[in-house]
Amino acid sequence: MNVKNSVIKDLVSHYKTISHYSKILALLEWDMNVNLPKNASLDRAEQISLITDQITTLWNNKSFIKNLNKANNLQSNLTDTEKAIIRNLNRLSKYYLKVPPEIISEKAKTTSEAFMVWQQSKASNDFESFAPYLKKIIKLNQIIATHLGYTKNPYDALLDQYEPGLSTEFCKKTFKILQPKLTTLIKKIIKSKKYNLLPSYLLQENYSPIDQKRIAEFIIKNMEYDFESGRIDISTHPFETVLGSEDIRITNMYRNNDFRSSLYSAMHETGHALYEQNIDKALSTTPLEGGVSYAIHESQSRFWENQVGKNPIFINHLFPTIKAFYSDQFKNLTPEKLALFINMVKPGPIRIEADEVTYCLHIILRFELEDDLINNRIKVEDLPKIWNEKIKKYLGIEVCNNSEGVLQDVHWSSGYFGYFPSYALGNLYAAQFLNTLIKKLDFNDILEKGELQTILFWLKDNIYKYGSIIYPEELVKKVTGENLNPEYFINYLTVKYTTLYQLKD
Ligand code: MG
């Protein structure tokens, strides 16, 4: 890495300690999700909070802040790498340096209580008990937004925490284009003749977890996930985590009656992992390490899951492999029918179970509610009612209870306001990257032969290797030649589903 300036060298060296502490924290959290005995959770919570405090202290270190101020005043002769380091350190330290410590600790305390209450509330369908915590979390987020600073909308400050430079205005503009087109496409799909031919009986079959695991590992190997620098375990909700530059782990979950879930979780989490495993190693433990943003990360997981994994050509390639495991269940199945089953479009109340056509509508709803809540345009008490109205409007379905509605996601109880839009942007980035990739590579031929490493090399060269050097806005321009444009995603879905369901205009 090209760093000559001594002030910046000191900053990088200080950051290295923060980086290691963050990985220790991630290890404690990984273990909590994968291995922890039931009675160990209180001790673990204390250990996590201890390491979190250490990280806060390191960001608040006086000589670090002094050096960062010095670096911000350096004008001349900085390399691009040095400029990127300063930019990232400003961004990473902003929360700790601008928000008063008492607010940070109040948020930590409130959200850890709120998380417990939310779990109870969700289980017993009781929004009223959670409402006071949600109110407090919104208030804290409003205070945090004021400290972080914004020009137009306090929600901008919160969005920027997850996606550099993302604004409410940009989301509004983008989602306004997206929402009506998605709603129309869904209506067309549901009315199509093919929709009634979906082999739903496959959900009545049983699929052994051992077979599911073997299939997942076969695909992950083909995707060139490096098992020497990672491992796969089981957890309730699949996730990927970085415990070191050579320790990128993923988890999976095996459901007896739906083989799709473990197959596509595996591809999704491996997509996240491939990004991290293929970043230039020289960047590890520096402020340029890791994927650049939540949305770009999500673009990679969704690219592998949906645009590769659920592509009918790739499903055709996989068919004999999967059928070898499920010969009884797949007795009367053709690759075409399997592709329809895997790409089943079904408006439902639950975001994490949504297909790629309905998914963004779940995000648009959450974005609108968060913007309204942070700006005090709606009241927490009215949230369940407004939620259900919006689900009806966008997805045409009724929500049976608050557990399946307003209480379904963990994010608000954890204080993550401004996080959801990055999921939707991930889909948009993925489609736009794909549009460029198919001009450079013979994508269909690659999928037909299952030569996934060719795709990996392209992504590594164009996206992965940069880590956090290039910000999303510049990255999409560098890779695709233009700014983020939702039309690529709309076009991708329209072409794919018009062919799959033989839709007519
Ligand atoms: Mg993900």
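**The magnesium site and its surroundings**

Buried here means under 20% relative accessible area, exposed means over 50%, and partly exposed is in between, with a 1.4 Å probe and protein chains only.

Some ground rules. This is a predicted model, in which local features need pLDDT of at least 70 and side-chain atom pairs count only at pLDDT 80 or more, while totals for chains, interfaces and linings use all residues. Residues are numbered from 1 along each chain as its sequence is written, and side-chain values use heavy atoms, with hydrogens and water left out.

Back to the histidine. What coordinates the magnesium ion? The donors are NE2 of His 268, NE2 of His 272 and OE of Glu 298, at 2.3 to 2.5 Å. A donor is an N, O or S atom within 2.8 Å of the metal (3.2 Å for Na, K and Ca), and water is not among the atoms, so sites may look incomplete. Along the chain, the donors of the magnesium ion are spaced as H-x3-H-x25-E. His 268 and His 272 are in helix α10, residues 259-277, and because they are four residues apart there, about one helical turn separates them. His 272 also counts as buried, at 10% relative accessibility.

Next, the chain as a whole. The protein chain has 20 helices and three strands. Helices (H or I, at least four residues) and strands (E, at least two) are DSSP runs, numbered from the N terminus. The C-alpha trace spans about 70 × 50 × 50 Å along its principal axes. For 505 residues, a compact globule would have a radius of gyration near 23 Å, and the protein chain agrees, with 23 Å. That radius is taken over C-alpha atoms, and the globule rule is 2.2 Å times the number of residues to the power 0.38. Of the 505 residues, 56% count as buried. Among contacts between residues at least 6 apart in sequence, 75% join residues at least 24 apart; a contact means heavy atoms within 4.5 Å.

Now the aromatic residues. How many aromatic pairs does the structure hold? There are 32. One of them is Tyr 294 with Tyr 419: the ring centres are 4.9 Å apart and the planes are at 65°, so the pair is edge-to-face. For the terms: rings of Phe, Tyr and Trp (its six-membered ring) pair if their centres lie within 6.5 Å, and planes under 30 degrees apart count as stacked, over 60 as edge-to-face and the rest as tilted. Tyr 294 lies in helix α11 (residues 294-309) and Tyr 419 in the loop between α15 (383-395) and α16 (421-440), so this pair ties together parts that are 125 residues apart in sequence. Tyr 294 is partly exposed at 38% relative accessible area, whereas Tyr 419 is buried at 16%. Both belong to one aromatic cluster, together with Tyr 162, Tyr 359, Tyr 416, Phe 420 and Tyr 423.

Phe 420 comes up again: the charged end of Arg 366 sits over the Phe 420 ring, 5.4 Å from its centre. Elsewhere, Lys 221 lies over the face of Phe 227, at 5.8 Å from the ring centre. A charge sits over a ring if NZ of Lys or CZ of Arg is within 6 Å of the ring centre and within 35 degrees of the ring normal.

On to the cysteines. With a disulfide taken as a pair of cysteine sulfur atoms within 2.5 Å, the count comes to zero. Cys 171 is in no disulfide, and the nearest cysteine sulfur, that of Cys 360, is 11 Å away. Is Cys 171 buried or exposed? Cys 171 counts as buried, at 1% relative accessibility, while Cys 400 is exposed, with a relative accessible area of 66%.

Last, a few local points. Phe 127 is in helix α6, residues 127-148, and counts as buried at 3% relative accessibility. Leaving aside residues up to four places away in sequence, Phe 127 touches Leu 134, Val 380, Leu 383, Pro 384, Asn 402, Val 406 and Leu 407.

Two asparagines have positive phi. Asn 125, in the loop between α5 (101-124) and α6, has phi near 55°, positive in a residue other than glycine. Asn 125 is partly exposed at 34% relative accessibility. Asn 376 also has a positive phi, of about 55°, although it is not a glycine. Asn 376 is in the loop between α14 (359-374) and α15 and counts as exposed, at 59% relative accessibility.
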